[in-house]
Amino acid sequence: MNKLLALSVLLTCTAQAQPAPSGWEGQIIYQVMPDRFANGDRSNDDGVNLKDPGAWHGGDLQGLSGKLDYIRALGATALWMTPVYRQVAPVDGVAGYHGYWPADFRSVDPHFGTLEEFRALTGKVHSLGLKVMLDQVVNHYGYGAAALSAHPDWFHTQADCSAAAPESKDSVCTLAGLPDLNQSVPAVATLLAGNADFWRAQGVDAFRYDAVKNVDQGFLKAQAARDRAAGTFTLGEYYGADADRIGEYQTLGLSSLFDFALQNALKTGIMGGQSLNGVREVLAQDAAAPHPGLIATFLDNHDLPRYASGTLFEDQGQARTAYALRALMTLKGIPVLWQGTEYAQRGGADPDNRRDMRFPEKWTAGEKAVYASTRDAIAVRKASAALSLGTQRLLSGSDDANDLLVFIRSHQGESVLVAWNNGKTRRTYAVDDSGLTDQPLTPSLFHDSGGNAQNAAMSVRSRHLYLSLPAQTAAVFTLKAASPALP
Ligand SMILES: [Ca+2]
Ligand SMILES: [Ca+2]
């Protein structure tokens, strides 16, 4: 048995920040790239070539609408669509299938369908009890967009970029050579604010703001205030963001940012088979963010190599993805699942990470097992207010190999104890003087395939916490004591 010698509690501190729209803590977001999800209408398949990863693949709003039951059955509570704007023409053989090359911010690309179909989709999503998040691009137009010649004064120039102070270069210089909007031009700020109002009017509940690192902060602050006033949740994508950056943007007024530091730590610690030290450090820092419960947690997305491809071996990729998804569902924050990650879809860097979605009839036995485990983990999270909404108190301290992470989630008198075992074998652990109230052997709330309780157990005797955990997985246990008196 390994002994945990030091035991302490990391307390949450809070900074000043704007209140975020209510109802988002506790959500589980499912991310879809419509072109790569489901093709429901062959009549709009202009230029489709499934063999070319840079071409349109035919997915559309009708196809997505037909798969909402799949998304709901997984347990997601909100749908995030990457942009559906009308796109510029293909550039060097690569199409705007991903949606990030807008030609017109207020129309739907014909490959996806029509604005009427978009409205019908948001209505159907709402009728199923789910929320709608839409990607918003506020940094740029697509290459060679008509606006570039119609309104040259709307864009930053190379001279602006050269003259910009070092701290302003990210926002003033172009991102991948895309025509960069100058948000300090009133007509541009008006255009972008109007875009948000336009999509809100189509039934959108939340925006995922693309590339906020490259957007003027003054504009973002004003836009975030407008969105907040309209009750719209805002999730910014700041590539590489850590706790400090998340705190900065929540204080600026955005509801949330994606936690790239946690993503990296989960990749290194779980998929990479290293220690959980990195995860422990990130969690301790995140607790200081103004709204830790709104931080978007994720394993991968359309800009990163697929999580499951972090190892060469497909079976290992599946097992560790299932472990990481269980782990993700035990953490404070808003989990975001990129289409396909629920069955450990593989793929390398962009565009290989955007392979066409496959549905259950095309899964292998291994993929089916990952999906079953993921769906179970989501159901367990949703059934527990402590897991969905609770505070998170990390029991710090380490065993010899740093293979154990233990924390307590509590909400209104309901508490659970979460334990991750990163060890390559089944392990038992004893945590001295845990401060917990005695309780008999308690099974994990997670289930193995077949529906039996996960083969994990905990008990507390004379304040000592005993854990028996399978190799490389997370477990969660109901705590009898409502609020443990920790040292
Ligand atoms: Ca189609
Ligand atoms: Ca910019």
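**Strand partners in a predicted model**

Q: Which residue in strand 20 is the bridge partner of Trp 420?
A: Strands are DSSP runs of E, at least two residues long, numbered from the N terminus. Strand 15 and strand 20 (residues 473-479) are joined by 7 bridges. In strand 20, Trp 420 is bridged to Ala 474.

Q: What kind of model is this?
A: Residues count from 1 along each chain as its sequence is written, while chains are lettered from A and ligands numbered from 1 in the order written. Local features need pLDDT of at least 70, side-chain atom pairs count only at pLDDT 80 or more, totals for chains, interfaces and linings use all residues, and the model is predicted.

Q: In which sense do strand 14 and strand 15 pair?
A: Two strands pair if DSSP finds at least two bridges between them. Strand 14 (residues 404-411) and strand 15 share 8 bridges. Ser 410 stands opposite Ser 415. The sense is antiparallel.

Q: Which residue takes a positive phi in the hairpin of strand 14 and strand 15?
A: This hairpin has 2 residues between its strands. The phi in question is near 45°. The residue is Gln 412.

Q: Why is strand 15 largely enclosed by the rest of the structure?
A: A residue is buried if 20 or more other C-beta atoms lie within 10 Å of its own, with C-beta atoms placed from the backbone. Strand 15 covers residues 414-421, and it is largely enclosed because the buried ones number 7 of the 8.

Q: Which are the edge strands of the open sheet of 8 strands?
A: The order is 10-9-8-7-4-3-12-11, with parallel pairing. Each edge strand pairs on one side only. They are strand 10 (256-257) and strand 11 (296-298).

Q: Which residue in strand 7 stands opposite Met 81?
A: Strand 4 (residues 78-81) and strand 7 (residues 131-136) are parallel, with 4 bridges. Opposite Met 81 stands Leu 134.

Terms used: A residue is buried if 20 or more other C-beta atoms lie within 10 Å of its own, exposed if 12 or fewer, and partly exposed in between; C-beta atoms are placed from the backbone.
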